[in-house]
Amino acid sequence: MAKRSDASVPFTLTETGALAGAGFDTIIDVRSPSEYAEDHLPGAISLPVLSDAERAEVGTIYVQDSPFRARKIGAAKVARNAARHIEDSLMGFDGGWRPLVYCWRGGQRSGAFTSILQQIGWRAEVLQGGYRTWRRLVVKTLYEEALPLRVLRLDGFTGTAKTALLAEVAAQGGQVIDLEGLANHRGSILGDVEGDQPAQKGFESALVAALDRLDPSRPVLVEAESARIGRLRIPPQLWVAMRDSARIVIEAPIAARAEFLAEAYADLAADTSALTERLNKLRTLAGHETVDGWLTLLGEGRLVDLSASLVERHYDPAYARLRKGDESPVLARLQSDRLDPAALKSLATRICDTLDA
């Protein structure tokens with residue numbers, strides 16, 4: 001049997017977002033499912049050695065009864081769960097497999113699981129400091145130090161296809177960060193997409209992983225956002241970089257924007273009751289008469305007309321208030337009468353030309 005190594009691995013990121021000390025085949029998070037759900041290292045798989053209930057039980061025994069008894073019970077549960085993971089998830093790996101294992105602080109949970117894997121003969125190692133080391137790196141990157149990136153904002157009224165343009169710019173080789181994609185939100189009162197938003201910590205981890213893949217010598221394009229995307233906050237260092245950045249502004253007529261929005265929000269319009277609930281939330285802002293008119297258009301299936309009215313009566317006034325007093329420089333104003341796929345491809349090319357200028 002292989003002897004367990006006492007060495008643990010310090011954490012840094014490489015330009016590809018992988019762990020330094022390359023060669024790890026799998027990153028294993030052995031914390032409880034709720035800890036993993038809140039946040040985890042990018043790419044890590046969840047193999048909890050204690051469930052949420054088991055972790056609570058052991059912790060209670062530790063505090064209220066006996067630390068020694070808690071360790072005995074915890075060890076038994078860890079061993080049973082580790083055996084199940086080996087049988088269910090790890091049997092396919094050969095002797096050369098090299099996993100990196102972590103728990104909250106690189107202590108008992110990750111150490112116990114790593115020891116078992118090492119005794120089998122796998123080249124398992126513990127992440128020094130555990131998840132807390134990763135979290136400190138995230139906080140340092142997003143809260144403490146200025147980002148070493150030149151950020152530019154893609155701006156424009158609602159419906160100017162900014163998110164779709166980001167994807168097209170990326171396809172043409174531009175550097176982008178899709179904040180709404182990372183936040184799982186479209187950025188408005190009608191904006192949540194299928195599935196819940198991640199926890200704030202999970203959003204920040206995904207953001208750091210995305211930032212790590214960027215070339216700091218080239219500009220990076222982000223969509224102009226408010227300080228929040230749904231219930232998530234844009235971390236301060238990125239927000240400062242965005243707030244002070246120059247803009248590329250997309251301009252299109254209301255008719256083109258309404259057609260684009262009607263198609264982009266077709267999934268929301270398909271759930272009439274849910275969209276009705278969302279529109280009703282705008283009554284204090286838009287007034288009862290206006291919202292009643294929107295609900296009539298929705299009931300008649302006139303999605304383009306509904307989108308046009310939302311743009312004129314809600315989104316454009318809100319955008320004007322948001323941009324009032326924004327004196328940041330405008331690198332380019334790019335106009336298009338259409339927002340179909342061909343037009344978006346052409347706009348993206350013009351955006352890339354502006355980024356490279």
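**Group meeting: helix H16 and its surroundings in a predicted model**

The buried residues of helix H16 pack against strand E6 (151-156), helix H6 (162-171), strand E8 (220-223), strand E11 (247-251), helix H10 and strand E12. Buried here means under 20% relative accessible area, exposed over 50%, and partly exposed in between, with a 1.4 Å probe and protein chains only. Helices (H or I, at least four residues) and strands (E, at least two) are DSSP runs, numbered from the N terminus.

Before going on, a word on the source. This is a predicted model, in which local features need pLDDT of at least 70 and side-chain atom pairs count only at pLDDT 80 or more, while totals for chains, interfaces and linings use all residues. Residues are numbered from 1 along each chain as its sequence is written, and side-chain values use heavy atoms, with hydrogens and water left out.

As for the chain overall, its secondary structure comes to 16 helices and twelve strands. The C-alpha trace spans about 70 × 45 × 35 Å along its principal axes. Of the 357 residues, 46% are buried. Among contacts (heavy atoms within 4.5 Å) with a separation of 6 or more, 72% are between residues 24 or more positions apart.

I return to H16. This helix has 16 residues and reaches 23 Å from its first C-alpha to its last, close to the 22 Å expected at 1.5 Å a residue; the expected span is 1.5 Å times one less than the number of residues. Which residues of H16 are buried? They are Ala343, Leu344, Leu347, Ala348, Ile351, Cys352, Thr354 and Leu355. An α-helix has 3.6 residues a turn, so residues three or four places apart point the same way.

At the start of H16, a side-chain oxygen of aspartate 340 comes to within 3.1 Å of the backbone nitrogen of alanine 342. This is a polar contact, a pair of N or O atoms within 3.5 Å; within protein, one must be able to donate a hydrogen and the other to accept it, and residues adjacent in sequence count only if both atoms are side-chain atoms.

Serine 336 sits in the loop between strand E12 (330-335) and helix H16 (341-356). Serine 336 counts as buried because its relative accessibility is 14%. A polar atom of the serine 336 side chain lies 2.6 Å from the backbone oxygen of arginine 338. Leaving aside residues up to four places away in sequence, serine 336 touches Glu251, Ala252, Pro253, Ala343 and Leu347.

Next comes H10, one of the elements against which H16 packs. Leucine 261 is placed in helix H10 (residues 254-264), and it counts as buried because its relative accessibility is 6%. Not counting residues up to four places away in sequence, leucine 261 touches Thr158, Gly159, Ser307 and Val311. Leucine 261 and threonine 160 are 101 residues apart in sequence, yet 8.6 Å apart in space, C-alpha to C-alpha.

Alanine 161 lies in the loop between E6 and H6. It has a positive phi of about 65 degrees although it is not a glycine. Alanine 161 counts as buried because its relative accessibility is 5%. Asparagine 184, in the loop between helix H7 (179-183) and H8, likewise has a positive phi, of about 55 degrees, although it is not a glycine.

On a 1 Å grid over the protein atoms alone, a cavity is a set of points where a 1.4 Å probe fits but cannot get out, and a pocket is an open set with protein on both sides within 12 Å along at least five of seven lines; lining residues have an atom within 4 Å of a point. Grid points are joined across faces, edges and corners, and a volume is the space filled by probe spheres set on the points.

How many cavities of 30 Å³ or more does this rule give? The count comes to one. The largest cavity holds about 150 Å³ of space. It is lined by 14 residues, and those closest to its centre are Tyr265, Leu275, Leu306, Ser307 and Leu310. Two or more lining residues come from each of H10, helix H11 (266-269), helix H12 (272-280) and helix H15 (303-323). H15 gives the most, with five residues.

Finally, helix H5 (residues 130-144) has 15 residues and reaches 21 Å from its first C-alpha to its last, close to the 21 Å expected. Its buried residues are Gly130, Tyr131, Thr133, Trp134, Arg135, Val138 and Leu142. What covers them includes strand E4 (99-102), strand E5 (125-127), helix H8 (200-212) and helix H9 (236-243).
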